[in-house]
Amino acid sequence: MIRLGRRGHKHERVEIRPGYAARDVDVVGEVRNESAGDRVEIVVLTGEHDLGTVPRVREALAANGGKALLVDLCAATFVDSSILGALLEARRTALEESRAFAVACSGEAEPVRRVLEVTGLADELPVHPTREAAMAALEASQGSP
Amino acid sequence: MSTQATELRLGLAARAENLALVRQALAGFADAIAIGDGALADLKQIATEACMNAVVHAYPDDEEGRVDLVAIASGGTVELRVRDWGVGFRPRPAEPEGSLRLGLPLIATVADSFEIASPADGGTVLVARVRLADADGNGEVHTRPDVPREAEMAITAGSSARPVIARVFAIAATRAGFSLERMSDGVLLGDAIAAGEASDFADSRVGVSIEECGPNLCFRVGPFVEGGAQRMLDRMKLPGLGVSITKLADRVEVEAGEDGEHLEIEISP
């Protein structure tokens, strides 16, 4: 018997039949905003993200204070098409408002990197291999601060 | 990995927060049968997208629905079946967020094969297969068939083959600037091909590709079983006259290649 119950807002405890130790499984990804000066807002996604977290991701992407937007996926371990849709929407809004937009996703976030590549979004967004490279691209497109 | 099938069955309420649970169950399944990270990532992606379709599209907003996932690992392949009991796939004027626009192409890209069906008792089932890498971590080599120059068809021999070949030839001939007279010659040749005996063909269907050969069009018919191409040519002779309908063609050749025997019939505009 596997019993699933919600414990707090970010963990679900999976209890497994006697003989196995119950273990906490961090199944819900985190998203947070970081400001890098007054010109760039950074939204950092860690862990797994899907339709269950997309409202929080959209909220974080929208809370950009009118600044250029950098989405850091280097520590994300999974994204589904609803998250890709949210990224595309954020990019479209940024372009409409003449704000620069960039995504960072390192090779270590291999499953996420692969999804970006197979969907063709790696080129379209565009995606940079590190947060520093993405920041440099944002600054270049806006003129150095 | 064991060659015996290992199966996981999971039944869930079709809710967004359960998508993470689907991935955890698959991760445990992957641990149990020792499959690699790449294949697991693919399985998670497919399962999430397929279950998300059920969450977003299958049931009306005010109705709680069910989604079932079955994973079967057998013979170097994992098959995923995701099933709901909802309203099925319907064209919609505007897709909401989390739409099929990205999800299905993503499944198609990641899976080695997938199909969607509407079971008789309602809902939708999506079946996807992922081939597992070998012990050295090498995936299987995927070979893609050549891109056809025009159209390739395989049709049940007899009356069903005639209209298909005639219409496809007519489109190709229109594009190639054929005169009406030559188009009608080509349709006659197509009719003669359609009348072929199923038993003469290697897979019991009339196989035809219509290709551009410079300014001309070419019917490439086959693959035949041995002698099948010649039997087709013999049947194209008009009874009593000793004249073959192949007189309408500019070139007729029987080719014996590695991929079987083919008949090439070329016709100019």
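Okay, quick one before we start: I'm calling two residues in contact if their C-beta atoms, placed from the backbone, lie within 7 Å. Take Leu70(A): leaving out residues up to four places away in sequence, Leu70(A) touches Val40(A), Ile42(A), Ala102(A), Ala104(A), Arg131(A), Ala134(A), Met135(A) and Leu138(A).

Housekeeping. This is a predicted model, so to speak of local features we need pLDDT of at least 70, and side-chain atom pairs count only at pLDDT 80 or more, while totals for chains, interfaces and linings use all residues. Residues are numbered from 1 along each chain as its sequence is written, with chains lettered from A and ligands numbered from 1 in the order in which they are written.

Now, the cores. A nonpolar core here is a set of buried Ala, Val, Leu, Ile, Met, Phe, Trp, Tyr and Cys residues joined through C-beta atoms within 7 Å, and buried means 20 or more other C-beta atoms within 10 Å of the residue's own, again placed from the backbone. The largest one has 75 residues, and Leu70(A), Leu73(A), Val103(A), Ala47(B) and Cys51(B) touch the most other members. Its largest share, 11 residues, comes from α2(B); helices are DSSP runs of H or I, at least four residues, strands are E, at least two, and both are numbered from the N terminus. There's also a second, separate core of 28 residues, including Leu189(B) and Phe201(B).

Leu189(B) brings us to α5(B), where the buried residues are Met183(B), Gly186(B), Leu189(B), Gly190(B), Ala192(B), Ile193(B) and Ala194(B). What covers them includes α4 (161-175), β7 (205-213), β8 (216-224) and β10 (260-267) of chain B.

Terms used: A residue is buried if 20 or more other C-beta atoms lie within 10 Å of its own, exposed if 12 or fewer, and partly exposed in between; C-beta atoms are placed from the backbone.
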